[in-house]
Amino acid sequence: MTTLVCIKRVVDSSSEVVLTDDAQAVDGRYAGFTMSAHEECAVEIAVQLGDATVMTLGDADAVEQLRAALAVGCTAATHVVADPQTFGPADVAREIAAVVRDSQESGGGHDLVLLGNDAADSGDFQVGIRLAYELGWPVVNGVTNVSVADGQVAASGAGPDGHETYRLPLPAVVTVLEGGVEPRYPTVPGRMKAKKVAIDERTPTAEPAGPGRVRLLLPPPAPSDVQILGKGAEAAPAVVDVLEQLGVLSR
Amino acid sequence: MATVPASAKVVVIGAGIVGNSLVHHLARLGWRDLVQIDKGPLPNPGGSTGHASNFIFPVDHSREITDLTLDSMRQYKEMGVFTESGGFEIARTEERMEELRRRMSSAKAWGIEAELVEPAFVKEKVPFIEEDQFIGAFWTPSVGVVDSLRAGTIMRDGAVESGALTTVPNVEVLGLDVEDGRIRRVRTDQGDIETEYVVIACGVWSPKIGDMAGVSIPLTPAVHQMISVGPCPQLSEREGEISFPIVRDMDTFCYERQHGADMEVGSYAHRAILHEPEEIPSIEQAKLSPTEMPFTSDDFDPQLEQAYELMPELLGAEGAEMRYAINGLLSLTCDGSPILGESHVAGLWTASAVWIKEGPGVGRAVAEWMVNGHSEIDVSHSDIARFHPHQLRREHTRLRTTESFIKTYGIVHPAEQYESDRDQRLAPMHESQQKLGAVFFETGGWERPHWYESNAGLLEQYGDAVMPREHEWDARWWSPIINAEHLRMREAAGVIDLSAFEVFDIEGPGALDAVQVTCVAQCDVPVGKVIYTPVLDPKGGFKSDLTVMRLGDDHFRVVTGAAHGPADRQWFAAHVPAGTTLTNRTDDVVTIGLWGPRARDILASLTSADVSDAGFGFLTCREIAVGDVTVLASRISYVGELGWELYVAADDAAGLWDTLLDAGAAYGAVPVGIGVYGTTGRIEKGYRAFGYELDAERSIVEAGMQRPKVKAADFVGKEAYLAQRESSPAAVLCTLVVDDHTSASGVKRYMLGGEPVLTRDGGTLTDGHGHHPYVTTAGSAPSLGKHLLLAYLPPAEAVIGNELAVSYMEELYPVTVGSVDATALLDPSNERIR
C-alpha cells in the first residue's frame, strides 16, 4: 500500500494580499511560501497511512515544500519542474497521471493519490477529478478523514445532510479538506533526514494547453466593520447589549 | 481611546522597549506633555521587541555597552520581570578558550561575577548537553531572561498614570516638518502634532522616519533566525519559563535558550540577510508580524545539525517538533553601537539600533541627556554625531554589517580592521605611502599608515630594543616596525601623515565667544598662539580634548581627532552665535607632523623662516614658506619631541610630503605611522587620549590635567569643574610599568588594553566610583624598554612604586606604579620638546 500526495507551493496567508509587479501571481516576499492547509492535512493522512511519496509541479523553489513534506514523514519526492503559473488544472492532472503511470510501469505504483481539496492560490477545485478521469479511477472529494483496510479506502467528511462516509476500491483518488487531522510540525531529526533525500526530478510530458491567465486583480478593500464600543469598564454595558442582540445573553 | 493631540513637548515615535523606557524616564525626570505614537497596536506593535529572545548576557568587551546592560538589568529587576537563569558560553576550540579567558578580563574589569568551568560543570546544570562536544565554558551566574513587553507596558502605563504621557497606537507617521533647522511638527494619518522635540525610537523603521526630516539613521534591518522546538519532556517537567541556564555555542554562532517546554535555537551563523526599512511589510501584509519574516530553512539547516549534535536527546525527544521558526528582523549598525542623541536637526533625537539588553538603560541615558544635557552613563560611542558622511550611506551600513554579522559571536581582535568599503578617504600622499609599503588602518574612513614596511630594515639596527612579541595574538595587527619607527623618531626624526585630523575654522565677531564657552583653557590669547584644551559637558565630564589655534582676532582653528571629529564639530557648531560661521576644512587642509631631535634642522633646511626656539616658540603657530609651498606651522607635539604640525592645502600636500622625506633622509628621518603617534609616542609621555583615558565619566582632576588657575570667562562645565577641584578625586590616572611578562608557559605576553588591574596577589581594587581599575591604553615604550599601561586607580593605590598586578588571559603579571599624574616617564622635564 503506497500513497502519492500532491502539493503546490503557494504564498502563505496574510490579511492583505500583495500581487507581483506583473500581476501574474501573489507575491510571497512578505508572507513567505507554504503548501495550502488542505494539503498539509493530506500529507498528514498520507504519512499516517505509511509509505508516502510527495510530488509537486513547480519551479525550482518548490523544493522547499517537498522538503517540508519529507521532514514530516514522506519518504520519497518527485518534482515536475515547470512554471506552475502557466499550467492549468488539466495540465497538472495530466502530469500527475504521467507520474502515476510511470510508477506503475516501473513496478512500484501508487494505490492511493491524495490531493488538497483546492489550491490556496488558484482555487480551481479541478485537479483531483480530472486526475481520476485521466486514470479511470474512482474519486471522492472534500473529505476530512481517510482510512484504508482490506483493499478499500474509507473517506469521510461533512456533507450537506451530515457526516458522510464513502468506501471505494483501490486504486483511488481522494481530495482532502482541512479539519480532520492535525498536521504535525517537523522534528529536528526529521528535518535533517529530509535534507538528505534525493528528489526525483522530471520534466513535463507536454506543453501546457488550454486557457491562460491574463492577470490577477485585487478586489476593492472591504470596508472595516470594526466598531469601538469603549475602553475598560466603561465598555461593559455596550458589550452586554451586543451579546444580547446576538442571543448569547438574555436579560 | 486616546486621540492624537495637536501639540506636545515631546513626540516619541515607537512603543518598543526603547520608546517605552524613554517616556518612563522623561516623565520621571519631570517632563510633561509627552506624546507617544506607534503604527502598531499595543502592547506589541510588531517591532523587534515583540519577537526578541529576551535573554541578557552582561559581559561585553565594551564598557559602554556593559554599563547600559547592567543598568537595564537593574531596571528589569525593579519591575519584577527578570528571571535569573545563569548562562554558559561554551568553547569547542582552544582558540575560543583563549577568547573566553579574555572575556574573564572584561568580566573582572567591569566587576561581573564569572568563571571558567569544565564541561562536567556545564553538564551538571544542563543535563541534556553532550559533554564531548566542547572543552570548556565561561559561566555567568547573573545571566537571565526578561519580559520586555511586560516591562514596556509597566513603564508606559506608569507615565500615562502620572499624567505626563498620552500614548496613541495605530498611528502612522506621514512626515516630519523642519523649519529653520529645528523640528516643528509630526504629521500623522490622524492629525499633526506641533512639538519641541521628536525622538525616533522605532527600531528597524528608524531610517525611513529619519529620512522624512533629512536625517540619515544608518542602521539596517537584518535577519536573525530562530526556531522553537518542543514540547521537550526534559523541559516541560519543570515549572516556569526557564529553569536551565542558557547556552551560547560560541563556535557555531548559535544559542539554546529554554522557553517553557520549548528550546529556542537562535543563529548568527547564516549569511547576512539584510532588508531595506521601506521593504518591511505592513502588519496587514505580514503573516505573523512585520519583523517576523518568513523562515528560510536552507539558511538554518547547518545550524540545526550543530545544535542537534550538542543536545541530541533534547532536540530529538519524542514529540518535540519545530513549532515556530522565523527570520526575525533586528537592527545592525556599521560599528555595532546604537544610534543615540540629537541629530543635526535641532530637537530631533534618535534612540535606535538598541537591543533588549540595553533598552531600559538607553531609555534612561537618552532621557537624562535630553533633560540635563548629559547622561550618567557615557554614551559617546553611540552618539549619532559620530558618523562621517561616508558612513551615512546605506551602502556602507550594508557592506559593514554583512562583514560583521558573522562576528556577532566571533573572536574579534581589539585592533581588527574591516575589509569592506575601505579607501573612502585617501590622503593626497596615499600613492607615495603605498610605495613605502604602508599598512593602513582606518579611522573615520581615512586610510592611515599604521607602519611602513619600508622601515623593516630598522629592525636589524635596533635588535631587541623593538620589543618583539612572541605570541601571535599579542602580535596580531601589530609590527615591531612600529617600535623601530619610534626609536628612529626619538633618535633623528619622523614624518607623520595626520591628514585624518578633523579641522574646522570658526570665524566672525562671535568666534572668541564660541571657543571660550566650549573650551576649558583660556582662548583669549594673542594671535598665533596654540592652545591645548579639554572640552567638557555640563557635568564636568570630557566631551573632547583638542587644540585651538588663534589665527586672527576673529578667527580660530579647531583641530581634533578623526574618530570623534564630527561629534566635536557638531558640539562647537551648537555654540557658534548668529553672524559667526563654522567651516569644515578637513578635506582641504592636510596636516603633516615633523618631530624628532633633527626636526628643526630639517625644517630649517627647507625654509628661510626663523625656526629657532627664540624665533618660533613652543605653542605658537604662523605661516611660513617650506620650499615653494606656504604652510601653517604649529609648534606642538603629541609624541614628546621637538617639531611642528604643518598645515598645508590639500593640493600641495603630496609635494610637501615628498619634500620632507627627501630633505629628512639626510638627517635620518623616516616616515612614521600612527602606531607611534597613537600609542608608543604618547604613552611614554603620559599623554591622554579621548575615548581611552578621557570620556564623559572622567574629570580633568581624575585625569591629572588640572592647571593652577581656572579662567575667569564662563564655559560649559565650569561649575562642575570648580567643584571637582575642591574635592579629592575618586580615582587617579596612573602609568604602570609591567615588571615581568613571562607567562606560566614561558611565553612572554604583552597586554593590549582592557585588562583588570588587581592587587599583587590578585585581589580586587575598587575606586571611589565603585568601579574597578582596568587598562585604558597599553603599549610599548621602546625608549624605556618597557611595556606601559595607563589605568585609573583608587587614590590610595596611586602611589609611585606601589606594586600591583594585571590579569591577562587569566594569568597575573606584576606591575609597578610609575607615575601618578601626567608626569611623563620619559623626559619628565620636557627637555626634548624645546
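## Helix packing in chain B

Helix 2 of chain B and helix 10 of chain B are roughly perpendicular to each other (an angle of 65 to 115 degrees), because they pack at an angle of about 105°, with their axes 6 Å apart. The axes are lines fitted to C-alpha atoms over the stretch in contact, and the angle is taken between N-to-C directions. Helix 2 covers residues 63–78, and helix 10 covers residues 359–372; helices are DSSP runs of H or I with at least four residues, numbered from the N terminus.

L68(B), T69(B), D71(B), S72(B), Q75(B) and Y76(B) of helix 2 meet residues of helix 10, among them P360(B), V362(B) and R364(B).

## Basis of the model

The model is predicted; local features need pLDDT of at least 70 and side-chain atom pairs pLDDT 80 or more, whereas totals for chains, interfaces and linings use all residues. Residues are numbered from 1 along each chain as its sequence is written, and chains are lettered from A in the order in which they are written.

## Strand pairing in chain B

Strand 39 (residues 811–819) pairs antiparallel with strand 34 (residues 732–738) over four bridges; pairing requires at least two DSSP bridges. One of the bridges joins T735(B) to S819(B).

Strand 38 (residues 803–808) also runs antiparallel to strand 39, with six bridges, and E803(B) stands opposite T816(B). In their hairpin, which has two residues between the strands, M809(B) takes a positive phi near 50°.

Methods: Axes fitted to C-alpha atoms, helices over the stretch in contact; angles between N-to-C directions. Parallel < 35°, antiparallel > 145°, perpendicular 65-115°, else oblique. Contact = placed C-beta atoms within 7 Å.
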